[in-house]
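The structure comes first, and the notes follow by topic.

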Amino acid sequence: MKAAYRVTLRSIGTFDSVNVILVNYLLLPLVSLIMFLLIAFGASQDYSRILVGSVITTGISTGIGIVVASTVYDQNINLLDDIFSIRPTFKNYWLVKFVIAAVVLSLETILLGVIGLLVLNKVNIIPRLFLALPFEIFISVLLAYFCAVWGMKKRILTGFLIL
């Protein structure tokens, strides 16, 4: 099982090095968070709900991106044909991708959400952020699976139309 995680981690282009991971999953989201916080400062309304929604949306898109990137890599190296021929169990192919995506999106959501809510002085909303994580993971995994499968079918249809 550890081998499946290693192979999947290597198939995600944004996990190539620590620098790439830091830029894609920490620095770029932090820049977006800072821009959001600059908008929120000096405003008379409460932006905490918008902040939580933005952070959750960022996490969902991160999770989708990880699963789809790994699946696209499998397509690019023609691994999907082998996978379809041996028909691995769900836990050996999809679950590995979903677990990695869930861990990364959870860390990103918690880090960005806690920083943003601390800056907005809305610490009382942090528990709600944690309560939203299972829902966020479920939505991300569901959308990622459908996007990846749709992408596979699109590839098959495109190849059929070219022939």
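Tyr25, Leu33 and Phe36 in H2 meet Ile50, Leu51, Thr62 and Ile66 in H3, where a contact means heavy atoms within 4.5 Å. The model is predicted: local features need pLDDT of at least 70, side-chain atom pairs count only at pLDDT 80 or more, and totals for chains, interfaces and linings use all residues. Residues are numbered from 1 along each chain as its sequence is written, and side-chain values use heavy atoms, with hydrogens and water left out.

**H2 against H3**

- By class, the contact of H2 with H3 has 6 nonpolar, 1 polar and no charged residues; Ala, Val, Leu, Ile, Met, Phe, Trp, Tyr, Cys and Pro count as nonpolar, Asp, Glu, Lys and Arg as charged, and the others, Gly among them, as polar.
- H2 and H3 pack at an angle of about 155°, with their axes 12 Å apart; axes are lines fitted to C-alpha atoms, for helices over the stretch in contact, and angles run from 0 to 180 degrees between N-to-C directions.
- This angle makes H2 roughly antiparallel to H3 (angles under 35 degrees count as roughly parallel, over 145 as roughly antiparallel, 65 to 115 as roughly perpendicular and the rest as oblique).
- The crossing of H2 and H3 is right-handed; a crossing is right-handed if the near helix is turned clockwise from the far one by less than a right angle, and left-handed if anticlockwise.

**H2 against H5**

- The axes of helix H2 (residues 18-40) and helix H5 (residues 90-119) come within 11 Å and cross at roughly 30°, which makes H2 roughly parallel to H5.
- H2 passes H5 in a right-handed crossing.
- On the H2 side the contact is made by Asn24, Tyr25, Leu26, Pro29, Leu30, Leu33 and Leu37, and on the H5 side by Val104, Glu108, Leu111, Leu112, Ile115, Gly116 and Val119.
- By class, the contact of H2 with H5 has 11 nonpolar, 2 polar and 1 charged residues.

**Nonpolar core**

- In the largest nonpolar core, which has 34 residues, Phe15, Leu51, Ile66 and Trp94 touch the most other members. A nonpolar core is a set of buried Ala, Val, Leu, Ile, Met, Phe, Trp, Tyr and Cys residues joined through side-chain atoms within 4.5 Å.
- At least two residues of this core come from each of H2, helix H3 (48-76), H5 and helix H6 (126-162), and H5 gives the most, with 9 residues.
- Leaving aside neighbours within four places in sequence, Leu51 is in contact with Leu33, Phe36, Gly113, Gly116, Leu117 and Leu120.

**Loop residues**

- Asn121 lies in the loop between H5 and H6, and its phi is near 60°, a positive value in a residue other than glycine.
- Most residues other than glycine have a negative phi.
- At 63% relative accessibility, Asn121 counts as exposed (buried means under 20% relative accessible area, exposed over 50%, partly exposed in between, with a 1.4 Å probe and protein chains only).
- Ile77 is in the loop between H3 and helix H4 (79-86) and is partly exposed, with a relative accessible area of 44%.
- The C-alpha atoms of Ile77 and Ser11 are separated by 9.9 Å, while the two residues are 66 apart along the chain.

**Whole chain**

- The protein has 6 helices and 0 strands; helices (H or I, at least four residues) and strands (E, at least two) are DSSP runs, numbered from the N terminus.
- Of the 163 residues of the protein, 36% count as buried.
- Among contacts between residues at least 6 apart in sequence, 77% join residues at least 24 apart.
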